[in-house]
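I opened this notebook to keep a record of what I looked up in the structure. The entries follow the order in which I consulted it.

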Amino acid sequence: MGKVYISSLETPFAEKLAALFEKDGYKICTVPEPGIEYFIDVTDEEVPGDDRKAGEGIDADAAAEAYRKNVCEPLARLSEALPGMVGRKRICFLNSVKSSINLSTETSGYGHNMSRAALNLILVLSKNGLAEKGYTFRLFDPLAGTVPPGLAAHSAMGYFTRDRFADDEWDGLGRNDELNLVVRDALGRELPW
Amino acid sequence: MVVNPEGKGGSVPARTALVTGADRGFGLFAARELAQRGWLVFAGRVLENYDLLDRLAAEYPLVRPLRLDVSKTDDIMRAGEEIAHVSGRLDVLFSNAALMGGPGASTLGGEEPIDFGALERDFRVNSMAGILLVDRLLPLLEKGEMKRLHFTSSEISSLRLMTRTGSMRYAMTKTALNLGVRMLFNDLRPRGYTFRLYQPGGMNQVLPDGSYMRKTKAVDPAESAACAVAQLLADRVDEDRLALIDYHGRELSF
């Protein structure tokens, strides 16, 4: 079986997800290396000081640090892994309703939430370019704090490993759901951007 | 204290705006549109090689240029002090300053490694600065009568409409901005603030001598600014929903 990269095993969700892949015979690595079939980044970093509302003295440096942690560092790891990926070449990230421009109800945590909205765009745009090279993408909200991590891991496992619909026979529409990147949560709901 | 900008007495400007990125093009023309309507306009500048704003201020004394690098908190605070001294309030924030392009690769899987320094710099300027402006200038906005916040966004911020490949840098900053504006909206709309999130169109670049570098299918920045200011000043029937609206008045998906 192939290799699964998981950026960190420090959360219960990541630990349980790794266990599910191992049960299916995959080797887990936490450093990018050649031969990875699934690249799974579980980063969701909050930074001290990035917790203020408008008028409370929003900390630009804390917001920039949140951007480095949630966007730059994961992208650097992905850039390293990308050329050596094999098989499904599936790239999976976590996100949440906090990054949804349509649905967010947040009023603080600007750096964290804006970074993760940026990440959504980066993955949609990159998917457009990398799909023709065989890369596929998933965005998943584990609903941390609402859904138990074990249940969320099972949900993620199904979402990450299952292929998505594409027309088997040409019907003139050329439909391929792999090209339609969305965030799905642990209950299977699709979040609007 | 509200004073005549020339300090000679006479009519007092009805309302006060701050326009960032007013050195040239869209921001410059937005400042002109407001001044033509009798607004006192503080116009932020950062480009050393453009004097178009000086020329505008010579023509319209209601335009007051000030040095404002929106990524620098000290610059924002100094601008706030000047606005407080001259006007005592701010009715409209027109957050427009942005970096567009420049060196530094930002394509995932591209031939050149991603320039993460450039990525962070553009996030600070294009995404966070608009939020910081509101954060630091909120006491002045609280004293304003209109409490209206404009943010210049872009159609390439739209996740739904994104068909581009390659360079991610500018697009991701505007998506992040949209989310930041949503958060401001969540917080400040209940306090009476109204929001404009504007897609100005791909525009002809204005050169230091005021001439245009014309691009195919580009929008005239003066025309787009006129549309933006018209949308800015007109009340909407749907102020309780945040919408990204273009220069034709059409709404875009996020």
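Predicted model: local features only at pLDDT ≥ 70, side-chain atom pairs only at ≥ 80, totals over all residues.

**Entry 1**

**Entry 2. Chain A as a whole**

I looked up the secondary structure of chain A and found four helices and seven strands. I read their order from the N terminus as β-α-β-β-α-β-α-β-α-β-β.

I then asked how the radius of gyration of chain A stands against that of a compact globule. For 193 residues a compact globule would have a radius near 16 Å, and chain A has 17 Å, which agrees. Along the principal axes, the C-alpha atoms of chain A fill a box of roughly 55 × 40 × 30 Å.

I recorded that 44% of the 193 residues in chain A are buried. Among the contacts of chain A with a separation of 6 or more, 71% are between residues 24 or more positions apart.

**Entry 3. Helix α1 of chain A**

I turned to α1(A), which covers residues 12-23 and has twelve residues. From first C-alpha to last, α1(A) reaches 16 Å, close to the 16 Å expected at 1.5 Å a residue.

Which residues of α1(A) are buried? I listed A:Phe13, A:Ala14, A:Leu17 and A:Phe21. They cover an arc of only 95 degrees around the axis, and therefore lie on the same side of α1(A). I set beside this the general rule that an α-helix has 3.6 residues a turn, so residues three or four places apart point the same way.

I also looked for what covers these buried residues, and the cover includes β1 (3-6), β2 (27-29) and α4 (149-161) of chain A. Just after α1(A), I noted that A:Gly25 takes a positive phi of about 95 degrees.

**Entry 4. The sheet of chain A**

I traced an open sheet of seven strands in chain A, in the order β2-β1-β3-β4-β5-β6-β7, with mixed pairing. At its edges stand β2 and β7 (190-191) of chain A, each with a single partner strand, so one side of each is left without a neighbour in the sheet.

Strands β5 (residues 136-141) and β6 (residues 183-185) of chain A run parallel and are joined by three bridges. A:Leu139 has A:Val183 in β6(A) as its bridge partner.

**Entry 5. A:Asp50**

I located A:Asp50 in the loop between β3 (36-41) and α2 (60-81) of chain A. Is A:Asp50 buried or exposed? With 26 other C-beta atoms within 10 Å, A:Asp50 is buried.

Leaving aside neighbours within four places in sequence, I found A:Asp50 in contact with residues including A:Asp59, A:Ala62, A:Ala63 and A:Ala66. The contacts of A:Asp50 also include A:Gly109, A:Tyr110, A:Gly111 and A:His112.

**Entry 6. The contact between the chains**

I looked up the contact between chains A and B, which takes 40 residues from chain B and 39 residues from chain A. On the side of chain B that touches chain A, α4 (116-143) and α5 (169-188) of chain B each supply at least two residues. The most comes from α5(B), with 14 residues. By class, I recorded 22 nonpolar, eleven polar and seven charged residues on this side of chain B.

**Entry 7. The sheet of chain B**

I traced an open sheet of eight strands in chain B, ordered β3-β2-β1-β4-β5-β6-β9-β10, with mixed pairing. Its edge strands are β3 (63-67) and β10 (251-252) of chain B, each of which pairs on one side only.

Within this sheet, β4 (residues 92-95) and β5 (residues 148-152) of chain B pair in the parallel sense over four bridges. The pairing of β5(B) with β6(B) is also in the parallel sense, and it runs over five bridges. I followed B:Phe151 across both pairings: B:Phe151 is the bridge partner of B:Ser95 and stands opposite B:Leu197 in β6(B).

I then asked how many residues of β6(B) are buried. Five of the six residues of this strand (residues 194-199) are buried, so β6(B) is largely enclosed by the rest of the structure.

**Entry 8. B:Met146**

I placed B:Met146 in the loop between α4 and β5 of chain B. B:Met146 counts as buried, with 20 C-beta neighbours inside 10 Å. B:Met146 and B:Val92 are 54 residues apart in sequence, and their C-alpha atoms are 6.7 Å apart in space. Beyond its neighbours within four places in sequence, I found B:Met146 in contact with B:Arg15, B:Asp91 and B:Val92.

Notes:
Residues numbered from 1 in each chain as written. Chains lettered and ligands numbered in written order. Rg over C-alpha atoms; globule rule 2.2 N^0.38 Å. Buried ≥ 20, exposed ≤ 12 C-beta atoms within 10 Å, placed from the backbone. Contact = placed C-beta atoms within 7 Å. Nonpolar A, V, L, I, M, F, W, Y, C, P; charged D, E, K, R; others polar. Expected span 1.5 Å × (residues − 1). Arc of directions from axis to C-beta. Pairing = 2+ DSSP bridges.
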